[in-house]
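Have the sequence and the 3D view open as you read.

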Amino acid sequence: CSSDLASDLELLSTVGPMSVFVGQHTVYTVTLQNHGPNDATGVQVQVYLPVGIHYVSDTSDHHFDPDTGIWTIGSLSEGLSDTISITVDATIQGDR
């Protein structure tokens, strides 16, 4: 394995609001940062949405499959980041 091919990727996620009533929206925001030293290729992120959540929409410039939770970014250059915000509805009451 060559260190010349390495990329240091950092995944950050937030959700808000945490507590919602049935039918209310909440937003999951996921950001992937490439700290280098190289560009990353073939990048996919698995976004797990809990039971009781129904996908409504997302804001990504890349493909997100709500059935599998896979966010396909493809390439992410060194020093750059990409963010997806996923709007969902609560179908059961509780903390998400």
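β4 and β7 run antiparallel and are joined by five bridges. Keep in mind that this is a predicted model. If you want a spot to look at, find glutamine 44, which sits opposite threonine 72 in β7. The two strands belong to an open, three-stranded sheet ordered β4-β7-β6, with antiparallel pairing. Its edges are β4 and β6 (63–65), each pairing on one side only. From one strand to the next, the twist averages 20°.

Now over to β8. Here's who pairs with it:

| Strand | Partner | Sense | Bridges | Example pair |
|---|---|---|---|---|
| β3 | β8 | antiparallel | nine | valine 27 with threonine 87 |
| β5 (residues 53–58) | β8 | antiparallel | five | serine 57 with threonine 87 |

In soluble globular proteins, nonpolar side chains tend to be buried together. In this model, the largest nonpolar core counts 15 residues, and Leu32, Val47, Trp71 and Ile86 have the most contacts inside it. At least two residues of this core come from each of β3 (25–37), β4 (40–46), β7 (70–76) and β8 (81–90).

Which residues does valine 47 touch, leaving aside those up to four places away in sequence? The list is Val30, Phe64, Gly69, Trp71 and Ile86.

Notes:
Residues are numbered from 1 along each chain as its sequence is written. This is a predicted model: local features need pLDDT of at least 70, side-chain atom pairs count only at pLDDT 80 or more; totals for chains, interfaces and linings use all residues. Side-chain values use heavy atoms; hydrogens and water are left out. A nonpolar core is a set of buried Ala, Val, Leu, Ile, Met, Phe, Trp, Tyr and Cys residues joined through side-chain atoms within 4.5 Å. Buried means under 20% relative accessible area, exposed over 50%, partly exposed in between (1.4 Å probe, protein chains only). Helices (H or I, at least four residues) and strands (E, at least two) are DSSP runs, numbered from the N terminus. Contact means heavy atoms within 4.5 Å. Two strands pair if DSSP finds at least two bridges between them. Axes are lines fitted to C-alpha atoms, for helices over the stretch in contact, and angles run from 0 to 180 degrees between N-to-C directions.
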